[in-house]
Amino acid sequence: LAELRRGRNTALYRELGKRLQAKGLPVSVDEAWAAQVDEQALATAAKLEAELSASKSNTIKESIRLGFNELGAFHYDRGDLCGALKSYVRAREYCTTSKQILDLCLTIVRVALELSNLGLVTQYVAKAEQTAQTVKDKRDVARLKAACGLAQLVTEKYKTAARKFLETPPDLGSSFSEVMSATDVAVYGGLCALASFDRAELKAKLLDNTAFKNFLELTPELREVIKDFYDSRYTTCLAAMERLRESFLLDIHLHKHVQTLYDQIRQRALKQYVSPFLSVNLAKMATAFNTTVPVLEKELAQMIMDGEIQARIDSHNKVLYARRDNERVVTYEKAIGAGHNFVAETEANIRQLSMLRNGFELRPPRTLTGTSSLLSGIALGLGMPSGPSGFGLHHALNYPSSGF
């Protein structure tokens, strides 16, 4: 409540006070202060509206843009997100430079995220990307990449989100702190990469990414998680992830996706663990993943039914057997297929040489088009007369040739 008294959002102040009082906490709501702030806000709103009307009457685009921005910022401070969004959207047509367009699009993205309007987030991120080619400031590029990654994250496109976050330049700093910090970029990018990248991508795009290492230095715990995952130290990796779970659940953008990301990371770890082996002892595997054999068996059975793992489970002996294709049969099939392709290509080359040796050439007249042109061209190539009745075609198809 003391923090809210520094701003002008009296609606949130009253709502929070009521909720705290309902839980039996000894707090009091200063209605006199709230009423005074509301009165001042009405005067400020009237002043901003008057200034905006004056700018419109003078038809000065820059003044109009600034007026809408100030009005949007005022509504945002008051907690009226819909009013703020309306003002910012109306300011769009008065932007004259790519810098102004980018700043406004990212501001609209921030408000749309708080409104949980994912469609508007995606729409204005796309508009911001259209101006990216003319933006030269590295901080603006970093903000755009971070916004693109966040838009993909909230729509559960984790692989695309990971790529956008990993492309974010380290120049972001605190320039986008009203939406996310540099630490958030490291967390979002790292978790999305673990959940969606294979080992090769993880090595090339994350571990060997010198630019993104600057972000990972801000979260040493997550950096160690990524290294343990890549080095197949799953016990340590998953235990560290559980310790970080509570802090991730408090994140305003990430909390809805934590369980999904954790499940995908665990499934990828299970796949990587069993992939090199023909058979796996479930007891040893359960120890590596810090779980019990029945729980692990259930997880693996679900992955087998989903087609994630090609294997079968011996429930009596608690062994997982991989289903592999017979390599000898696969090799023979490839050899036979290559032989068929070679024969087909050879026959085609022989036919082409025979046609060239016998002077068989297609020369369709310019006056003929379509199918009649092609057929008449065949007849002319064989030296036979052609005509609309198809006489040339009849002779062409019955023309003897020693080359065939």
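A helix axis here is a line fitted to the C-alpha atoms over the stretch in contact, and the angle between two axes runs from 0 to 180 degrees between N-to-C directions. The model on screen is predicted.

**First stop: α13 and α14.** Select residues 234–249, helix α13, together with residues 258–274, helix α14. Their axes come within 11 Å and cross at roughly 175°. Angles over 145 degrees count as roughly antiparallel, so α13 is roughly antiparallel to α14. Now show the side chains at the contact. On α13, pick Tyr234, Leu238, Met241, Glu242, Leu244, Arg245, Phe248 and Leu249. On α14, pick Val258, Gln259, Tyr262, Ile265, Arg266, Ala269, Gln272 and Tyr273. Coloured by type, the residues of this contact between α13 and α14 come out as 11 nonpolar, 2 polar and 3 charged.

**Second stop: α6.** Select residues 118–130, the 13 residues of helix α6. At 1.5 Å a residue the helix should span 18 Å, and its end C-alpha atoms lie 19 Å apart, which agrees. Next, highlight the buried residues of α6: Leu120, Val121, Tyr124, Val125 and Ala128. They cover an arc of only 130° around the axis, so they sit on the same side of α6.

**Last stop: Asn9.** Select Asn9, in the segment before α1 (10–22). Is this residue buried or exposed? Buried means under 20% relative accessible area, and Asn9, at 15% relative accessibility, therefore counts as buried. Leaving aside residues up to four places away in sequence, Asn9 touches Asp77, Arg78 and Gly79.

Key
Residues are numbered from 1 along each chain as its sequence is written. This is a predicted model: local features need pLDDT of at least 70, side-chain atom pairs count only at pLDDT 80 or more; totals for chains, interfaces and linings use all residues. Side-chain values use heavy atoms; hydrogens and water are left out. Helices (H or I, at least four residues) and strands (E, at least two) are DSSP runs, numbered from the N terminus. The expected span of a helix is 1.5 Å times one less than its number of residues. Buried means under 20% relative accessible area, exposed over 50%, partly exposed in between (1.4 Å probe, protein chains only). The arc is that of the directions from the helix axis to the C-beta atoms. Angles under 35 degrees count as roughly parallel, over 145 as roughly antiparallel, 65 to 115 as roughly perpendicular and the rest as oblique. Contact means heavy atoms within 4.5 Å. Ala, Val, Leu, Ile, Met, Phe, Trp, Tyr, Cys and Pro count as nonpolar, Asp, Glu, Lys and Arg as charged, and the others, Gly among them, as polar.
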